[in-house]
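Please look over the sequence and the 3D structure shown below, and keep both in view while reading the report that follows.

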Amino acid sequence: MLASIFDAFIEQSPISVMMRGLMEHVFQAERLDALFETYAKVQYTQELLFSEVVNVLSLVVCGVHPSVNAAYKAKATELSVERAAFYQKLNGIEIGVSAALLRETAGELSQLIEHLGGQQAALLPGYRVRILDGNALAATEHRLKVLRSVAAVPLPGKSLVVLDPELGLAVDIFPCEDGHAQERRLFGQVLATVAPGQLWIADRNMCTLEMLTGIAGRRSTFVIREHQNLPWQALSELQLVTVMEAGEVLEQMVKIEFEGQWLHLRRIVLRLSQPTRHGDCQIVVLTNLPITVASATVVLELYRERWQVEGLFLTVTKNFECEIETLAYPRAALFSFSLALVTYNILATLKAALASVHGVATIAATVSDFYMVDELQGTYRGMMIAIPPQYWQPFRTMPLAELATLLKQLATQVNLKRFLKQPRKSKSKTPPRVRDPKHPHVSTAKLLSPG
């Protein structure tokens, strides 16, 4: 049980206590420093610990402090180095460390969610689904010397991110420092992680001979949108399967060849009743799933679930500071993005705790990430002043089963009405505006006046 000092915050903002407790558990210093020692190849520890960098930057990513400099000043008395040394450490964090931070913390949070029992229903029973998509970091400020004379937009890097939709967690990331690099450069790293019995869902950018045959060669399956440049040979004619609201569904058998190996696939075509916003009249999906496991319509429904990874990117972009404009060094920018994904995973775990009490469907349909993050940002500083650090220490080493029980207890105190989504109304067309050069200004009060 928590000390009585927590009572006021549990009553007024149990979400903040849950979030902070999870952060304390995930970001425990000993684990983070051990991770750095394991995966860092060039950097090494002198006075500033990796865990201290994570502690400072997490406050920026969560929106508790508006900038890295502000967060450093807030923690300056706890740090043993000057600001310049802190930035030097941050700017040099290797991408292997950033990837390991997400991968290892996601592994433990996965176990915690399983203890909570708040995971989503499986998209396809018998298969562990992975949704893959790429993300290019937004442009940074021209702070580096090499950028000051360049007018072009500076890109700090990109990455491929893997989402587990059943757990709602980003479970892996493959970062790249070159903002101009093609995503295909990273496919070999992705394939090295593919395990038997998985189902990979991805967009057409991932549709290459290497990717498709690589997944199948690892006794795994895929549902990937067809790229127009992919070579294939037809084994049968397109045949109408069914007609649905979105359009006609057709299917045929095709085969592809890569490095002397042939792979037979199902090619499923959805001829749309109405073109997409991008002007596409049809959507073509390739899969090696047996027809006995997934019909053509089921395959199309599986592909539609790709939107979940887009929702992940939207959340970390709108609700967290995943793209800090002042971090022009690629390694620092990629590290902050990875840390934002870790924070997203903590939020997903918190929602799993709520789902275990209030129902999975209820939380998925009604709870807003924006209002939950806003609650955390508004409460965090005062809560950390009111509750001394030693009171949070039990969260660090608490066994997962005990932590899950505590999170469920706190979840019963949450008033979901405070975090409901606000449904958007359909926008009406803006009427044409009348411009009068003789009257460039107008009094709003006169227009509102009934007389």
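On a 1 Å grid over the protein atoms alone, a cavity is a set of points where a 1.4 Å probe fits but cannot get out, whereas a pocket is an open set with protein on both sides within 12 Å along at least five of seven lines; residues count as lining when they have an atom within 4 Å of a point. Grid points are joined across faces, edges and corners, and a volume is the space filled by probe spheres set on the points. This is a predicted model, in which local features need pLDDT of at least 70 and side-chain atom pairs count only at pLDDT 80 or more, while totals for chains, interfaces and linings use all residues. Residues are numbered from 1 along each chain as its sequence is written, and side-chain values use heavy atoms, with hydrogens and water left out.

**Enclosed and open space**

Rolling a probe the size of a water molecule over the atoms shows where empty space is left. The structure holds 1 cavity of 30 Å³ or more, and the volume of the largest cavity is about 30 Å³. Its lining consists of A121, A122, L123, L124, Y127, V129, P165 and E166. When these are sorted by class (Ala, Val, Leu, Ile, Met, Phe, Trp, Tyr, Cys and Pro are nonpolar, Asp, Glu, Lys and Arg are charged, and the others, Gly among them, are polar), the lining of the largest cavity has 7 nonpolar, no polar and 1 charged residues.

The largest pocket holds about 1200 Å³ of space. It is lined by 35 residues, of which W307, T315, K351, D369 and K421 are the closest to its centre. Two or more lining residues come from each of the elements α11 (307-318), α12 (330-358), α13 (360-366) and α14 (369-386), and α11 gives the largest share, 7 residues. By class, the lining of the largest pocket has 19 nonpolar, 10 polar and 6 charged residues.

**The chain as a whole**

Helices (H or I, at least four residues) and strands (E, at least two) are DSSP runs, numbered from the N terminus; the protein chain has 17 helices and 10 strands. Its C-alpha atoms fill a box of roughly 75 × 70 × 55 Å along the principal axes. The radius of gyration is taken over C-alpha atoms, and the globule rule is 2.2 Å times the number of residues to the power 0.38. For 451 residues, a compact globule would have a radius of gyration near 22 Å, and the 25 Å of the protein chain agrees with this.

Residues are called buried under 20% relative accessible area, exposed over 50%, and partly exposed in between (1.4 Å probe, protein chains only). Of the 451 residues of the protein chain, 50% count as buried. Contact means heavy atoms within 4.5 Å, and of the contacts in the protein chain with a separation of 6 or more, 64% join residues 24 or more positions apart.

**Selected residues**

The table gathers the relative accessibility of a few residues.

| Residue | Relative accessibility | Class |
|---|---|---|
| C281 | 52% | exposed |
| R219 | 65% | exposed |
| E259 | 67% | exposed |
| R271 | 37% | partly exposed |
| V241 | 43% | partly exposed |

C281 is located in the loop between β9 (261-272) and β10 (282-287). Leaving out residues up to four places away in sequence, C281 touches L270, R271, L272 and P275.

V241 is part of strand β7 (residues 239-244), and apart from neighbours within four places in sequence, V241 is in contact with V249, L250, E251 and A296. The C-alpha atoms of V241 and E251 are 6.7 Å apart in space, and the two residues are 10 residues apart in sequence.
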